[in-house]
Amino acid sequence: MSIPKLEFPPFHLPPEAEALRSEVRAFLGETLPKLKTEDRFPSWNTRSSEFSKAMGKKGWIGITWPKRYGGSERSFLDRYVITEELLGNGAPAGAHWVADRQSGPLLLRFGSEEQREAILPRITAGECYFSIGMSEPDSGSDLASVRTRAEPVPGGFRVNGTKVWTSGAHHNHYCITLVRTSGQHGDRHKGLSQLLVDLKTPGITIRPIINLAGRHDWNEVTFSDAFIPESCLIGNEGDGWLQVTSELAFERSGPERFMQNFYILRELVRVLGRQPARRASAILGRLIARLWSLRQMSVAVAGMMQGGKSPGIEAALVKDLGTIYQQDLPEIARAIAESDATTEEDMADFLDVAQYATMIAPSYTIQGGTTQVLRGIVARGLGLR
């Protein structure tokens, strides 16, 4: 009997992917200074439709998708490089991020040809944005317990229920929504389906959820007898659990799971100056070493996915360790800066950044699956439970 084990085989991005990196950096260097956003501390969820359209013109949204849908048919590793550069430079890619990362790939795999032709070219053009309709009140990360019900009616479904933490729903065009289309007796994973929901549909109400930093990123989305046409069913009725778990695989191992607050590290290097004290240099070195280790693990997962494997356990571990790193980073950086910042003015600016990052940090625990659920996935995959 073989013993399950984690695999992070050494992997290096190929020369063609690294060549693309230079092109992306040049594009960002020219484009970003011309953009104006309301976000002082940019991260992957900062939005700019202007920037998304510019990315679309470069062919860098849906870069792995077939050309007939507007894609470029390039490798998953090319997409990895683009993602790293967007995160490292604080590019406002939030408008198209979810559609590019997981909604589009889900439609490619499970959607109808009608859905793909109608939606995917708009995504690759940077003109169509998506939300994720999974989480519900009182359900946490237990997706099998969803109570939003889609009752089959002539021509489609009548949907009633509530989704929460729905990022960008007040801006976006569509939400891929996990619903229950049949009873919940016996196996809870059966009877679930996914619907392609137009967020302007009558019967849908979007209410803001304001986070600790005073930002309106999340929403509560309520369905009250909302009619969703049958043509909006993704895949087969009852296959929702299979589909949603494959969708989560796209979400868990990317660079955004350890680079979302990369701006903190950038700011820390700035305030420490060119010749930081030995103690500060040592702590900074440990932070960078942790980041690099996570990056190597993530690249290994990308290489396995490019090779056609499904490294679900490894992806869950990258996300778990990335969450710990991103939550540690603001406090460690603040402590170093308080003792080693070069000027009081630099320190005042840095504290603003650190305060914001600290208020956002708790959300990392639930993004892409809670820490407890991810550790359960790893333990089960290794035969420990």
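Here are some questions and answers on the cavities and pockets of this predicted model.

Q: What makes a space count as one of the three cavities of 30 Å³ or more?
A: A cavity is a set of points where a 1.4 Å probe fits but cannot get out. The structure holds three such cavities of 30 Å³ or more, and about 70 Å³ of space lies in the largest cavity.

Q: Which residues line the largest cavity?
A: The lining is made up of M55, W60, R79, I82, T83, L86, H96, W97 and D100. A residue is on that list because it has an atom within 4 Å of a cavity point.

Q: Which helices each supply at least two residues of that lining?
A: That would be α3 (76–88) and α4 (94–110). The largest share, four residues, comes from α3.

Q: What makes five residues of the largest cavity's lining nonpolar?
A: Met, Trp, Ile and Leu count as nonpolar, so M55, W60, I82, L86 and W97 fall in that class. The lining also has two polar and two charged residues.

Q: Why is the second largest pocket called a pocket and not a cavity?
A: Because a pocket is an open set of points, whereas a probe in a cavity cannot get out. The second largest pocket has a volume of about 250 Å³.

Q: What lines the second largest pocket?
A: It's lined by 14 residues, with E84, M259, F262, L291 and W292 nearest its centre. Two or more residues come from each of α1 (15–31), α3, α7 (256–259), α8 (262–272) and α9 (278–306). The largest share, four residues, is from α9. By class, the lining has seven nonpolar, two polar and five charged residues.

Methods. Residues are numbered from 1 along each chain as its sequence is written. This is a predicted model: local features need pLDDT of at least 70, side-chain atom pairs count only at pLDDT 80 or more; totals for chains, interfaces and linings use all residues. Side-chain values use heavy atoms; hydrogens and water are left out. On a 1 Å grid over the protein atoms alone, a cavity is a set of points where a 1.4 Å probe fits but cannot get out, and a pocket is an open set with protein on both sides within 12 Å along at least five of seven lines; lining residues have an atom within 4 Å of a point. Grid points are joined across faces, edges and corners, and a volume is the space filled by probe spheres set on the points.
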